[in-house]
Amino acid sequence: MDIKNLTDDFGVEVRNFDCSKKIGYDELNLLKKTIQDRHFICFKNQKLDGDTLATFTKNFGKLEAYPEKDKTKGKIEIFNVSNVSEDGEHLDPDDQRVILQKNNSRWHTDSSYRYLPSVFSILYGQETLPPEVGGQTQFSNMLLAYDHLPEDKKILLEPLHQVHSYNDIRRLEPGLPELTYEEKSNFPPVTHPIVRVHPDRNFRKSLYFTSNTSLEIGGMSLEQGKELHKWLVDYIGQPKFCYTHKWQKNDLIMWDNRVLLHRVIPYDYAKYRRAMIRGTVEGEVPVLGPFSNEVRLNNN
Ligand code: OGA
Ligand code: MN
């Protein structure tokens, strides 16, 4: 396998490696170290289907299931990130599966509406678009963004949190149909700290928030919370924190949801087809903030 850095700060490209084959112990360790150190990997020229993507994903942990039964119209552990149906039909822009793609164009980290958000997302480009028409996936590094915050912002943000609610995505995308009672009860709203710590990085701090579940920061007045949220979105979108992935067909990209936020650059959903499938690695630990017991014990 050949590994090349994509930017000075994060991301690598991997060539001459087949993700559909069984991975050896040493190779898997190298990949685990690479994703830990670089947060983003693009494997070029892959040939995968739902089954082989699921098998590859399971090298890194348990597969996370889609939160709504049957609505991906495919396997519940492999999400269709597409404006194209399982059968290859170009979907109407009002179709809920396309509305969910629109919501992906807001900066976010996957499954933040879970108490245990996902660790890695692994996305395979089956039908991709030339960058002139949109459809690139952009990533922003929250470790870097935190480090560069002005000191007064670090102090302001430290005790704050955000409410993440799967049901409340409907406030941002009113075209989505109502969830069933069961779906709502499976995903009650959760809060996560805006400044999180990483126990596997010596408790280093980073930012953690989304703009696809809510547009407010909690712990202050509604008005102040909205203003601060907007400030954060503009701040983390600065090119110095970002890498923009320009897709080629058969790219397989993998990212660390604990470190990076991402979004898709919007494209004309009615005019162009874009088809991807995603495997997701389930989280096993909650998002820890600077005041959690584990962190205080560690610092004593
Ligand atoms: C996702 C996602 C972005 C894209 O699959 O979680 O946000 O570029 N995708 O489709
Ligand atoms: Mn996403």
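## Around the ligand

A residue counts as near a molecule if its C-beta atom, placed from the backbone, lies within 6 Å of it. With that in hand, here is what the predicted model shows for ligand 1: Val81, Asn104, Asp110, Ser121, Leu123, Thr137, His262, Val264, Met276 and Arg278 surround it. Three elements, β5 (120–127), β13 and β14 (275–281), each give two or more residues to this shell.

What sort of residues are they? Sorted by class, the shell around ligand 1 has four nonpolar, four polar and two charged residues.

## The open sheet

Seven strands make up an open sheet with mixed pairing, and their order is β1-β2-β3-β12-β5-β14-β4. At the edges sit β1 (2–5) and β4 (79–80), each of which pairs on one side only.

In that order β5 stands between β12 and β14. β5 and β12 (residues 252–256) run antiparallel and are joined by five bridges. Leu123 is a handy one to look up: its bridge partner in β12 is Ile253, and Leu123 is also one of the residues around ligand 1.

Next, take a look at α8 (residues 222–236). This helix has 15 residues and reaches 21 Å from its first C-alpha to its last, close to the 21 Å expected at 1.5 Å a residue. Leu228, His229, Leu232 and Ile236 are its buried residues. Looking down the axis of α8, you'd find the buried residues within an arc of 105°, so they line one face of the helix.

What does the buried face pack against? The partners of the buried residues of α8 are β6 (137–141), α4 (142–147), β10 (204–207) and β13 (260–264). Of these, β13 also gives two or more residues to the shell around ligand 1. Over on the other side of α8, Glu223, Trp231 and Asp234 are exposed.

## Helix α1 and what follows

Just after α1 comes His39, in the loop between α1 and β3 (40–43). His39 is buried, because 24 other C-beta atoms lie within 10 Å and 20 or more are enough to count as buried.

Most residues other than glycine have a negative phi. His39 isn't a glycine, yet it has a positive phi of about 70°. Phe203, also not a glycine, has a positive phi of about 60°.

Phe203 is in the loop between β9 (195–198) and β10. With 14 C-beta neighbours inside 10 Å, Phe203 counts as partly exposed, whereas His39 is buried.

## A stop at His192

Which residues does His192 touch? Setting aside neighbours within four places in sequence, His192 is in contact with Ser112, His161, Gln162, His164, Tyr208 and Val287. Pro286 is 94 residues away from His192 in sequence, but the two are 8.5 Å apart in space, C-alpha to C-alpha.

Key. Residues numbered from 1 in each chain as written. Chains lettered and ligands numbered in written order. Predicted model: local features only at pLDDT ≥ 70, side-chain atom pairs only at ≥ 80, totals over all residues. Helix = DSSP H or I, 4+ residues; strand = E, 2+ residues; numbered from the N terminus. Expected span 1.5 Å × (residues − 1). Buried ≥ 20, exposed ≤ 12 C-beta atoms within 10 Å, placed from the backbone. Arc of directions from axis to C-beta. Contact = placed C-beta atoms within 7 Å. Nonpolar A, V, L, I, M, F, W, Y, C, P; charged D, E, K, R; others polar. Pairing = 2+ DSSP bridges.
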